[in-house]
Amino acid sequence: MLSMVIVGALSTAFAEPPPPIPSKTSSLSQEQKTASKLNDIQEDLKQRKLERDKLAAEIKRASPGPEKAELEARLEQVNATLAEQKHAFSMIITGGLELELIEAGKQKEKYDWERDLLEIVQPIMSELRALTESKRQQQNLKNRIDFHTEQLRIGKEAMRNIEAIDQKSLDRVTLKQYEQVAEQWRDKIREHQHLLEVAELQLEELTRSKETLEQSWKEQWEEFIQGRGATLILSLLAAFGVYLALMLPMRIYGFATRNRQRRRPLWVRILSLSYRFLALLGAFIALFATVHHSGDRMLEGLFLLLAVAIIWSLKSTIPRYMDELKLLLNVSSVREGERVIFQDVPWRVDSLDMFARLSNPAMSQPRIRVPLKEMAQLHSRRPAEDENWFPCNVGDFVILSDGQFGLVKWISPETVALRVGGGAIRSYTTSDFLGASPQNLSTGFAIAINFGIDYKYQKDCLDDIPRQMAQVVYDRLKSIESTGPHLSSVTVDFAEAAASSLNYKVVALYSGAAAENYYPAQRAVNQSAVAACNQFGWEIPFTQVTLHQASAS
């Protein structure tokens, strides 16, 4: 019956919160509170030790069975409470500071075959843990305060229900059991009250010590610069300096031989690649030696982990870079001194090093650097002695397959710019420009037209007429001020006997200097042919001249 009453009492434990629990040290100063709580902890430790000794004696006398197991469980709980109280005592008198972060690695050394790696990682993890140690301690104490507060509320509510039972109506055996349960709940309330006050005091001490140890941003920055920051900068400077010093002989050799087009033999390339690797290794040794000399175990472990990660990654990355390695050794499908098509533009491979250096003398900016991985899938060949590197140069006049005429103003790997009629600038992508089959007029050009006369002049069509027409056309073209000085020759040949006319091919050859006047020169050739007909009275067949006009009418 009593057990049913107690169960009923506990079932209403969450009905309403209890009134605030008064603290017996609320009127004392902070120092007095601390001293009082230390005395309470010490008294509690004394009582717990007595309880522990009593339980240990009872366990020795007890026979194996459920009773002994229960006593052992209670002993384990008492030992845990003792350890917690001792730790709380230490935390209060030290202001929340402890040496667990430093000594944690010495208390337990359970290392397996990965021990060496763990010793390297341990300083790094300790630094990372130290960054959040204070926050974690505060949060743990707040969780403890919330837990003990809730337990006190439940205990107070349970005690009110227990005290509400009429003890006079209970017989002697039931009353004894009743008093045992009530005493257990009083002990629990006293224990949670004590642990609550300890946790609150620990939180106050931890907060106060944190405020006294906090530094300004400027002080932290100065401490970093004078400590780990200085070590990091010195180590990087040492590595950079060693690398530059080791690479200086190669730089001097490259500068001295930069104008030589002689290909480097394979053994020189292997030696150069090996020397670069040794320079990188020397730089890392200098970096690690500087950090090791400073005694900063965290940076030392960090750089060692970085080295291990790089070495481990090389196992899977070296096969992927075999094509680049072949390029460096000049034994791949692209070789120095040869011609390669890169992004639809021909280039000369000047050198294959950490980057491929390409050149094209026709470009406005003739040299580019290309990552080796982009060259791995290309193929080069030896260029012919008189092979052009681009259809035109800046300043040339060109005409495209669609009839567009213009002056080349700019050539780059991406675009070609033309100045067209009226001074406008028209841009093409380099691939589209090359696809338009540009004709470079600045290297010289020919203007050819078909011209026909009537069949009545058939008797003289092969000898006199071509000679006379060529002379008249040449004289007239030569007299033109803009293009005449650049005229090379004029030829007139009988081409065919068409349906209604005897057709001639009139060809005028100009040097590149006349390229700017290409269209005026073309019109001048037609005009000169008509002038020859007028001078010698040659009749132009009606259909050839008026066919389009008659059709339109």
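1. A residue is called buried here when its relative accessible area is under 20%, and because Leu203 has a relative accessibility of 17%, Leu203 counts as buried. The model under discussion is a predicted one, and every value quoted in this note should be read with that in mind.

2. As to its setting, Leu203 belongs to helix α6, which spans residues 172-213. Once the neighbours within four places in sequence are left aside, the residues in contact with Leu203 are Gln138, Leu141, Lys142 and Ile145. The C-alpha atom of Leu203 is also separated by 9.3 Å from that of Gln139, a residue 64 places away along the chain.

3. Helix α6 also contains His192, and this histidine, with a relative accessible area of 13%, is buried because that value is under the 20% cut-off. If residues up to four places away in sequence are not counted, His192 touches Phe147, His148, Gln151 and Leu152.

4. How many disulfides does the model contain? With a disulfide taken as a pair of cysteine sulfur atoms within 2.5 Å, the count comes to 0.

Technical notes
Residues are numbered from 1 along each chain as its sequence is written. This is a predicted model: local features need pLDDT of at least 70, side-chain atom pairs count only at pLDDT 80 or more; totals for chains, interfaces and linings use all residues. Side-chain values use heavy atoms; hydrogens and water are left out. Helices (H or I, at least four residues) and strands (E, at least two) are DSSP runs, numbered from the N terminus. Buried means under 20% relative accessible area, exposed over 50%, partly exposed in between (1.4 Å probe, protein chains only). Contact means heavy atoms within 4.5 Å.
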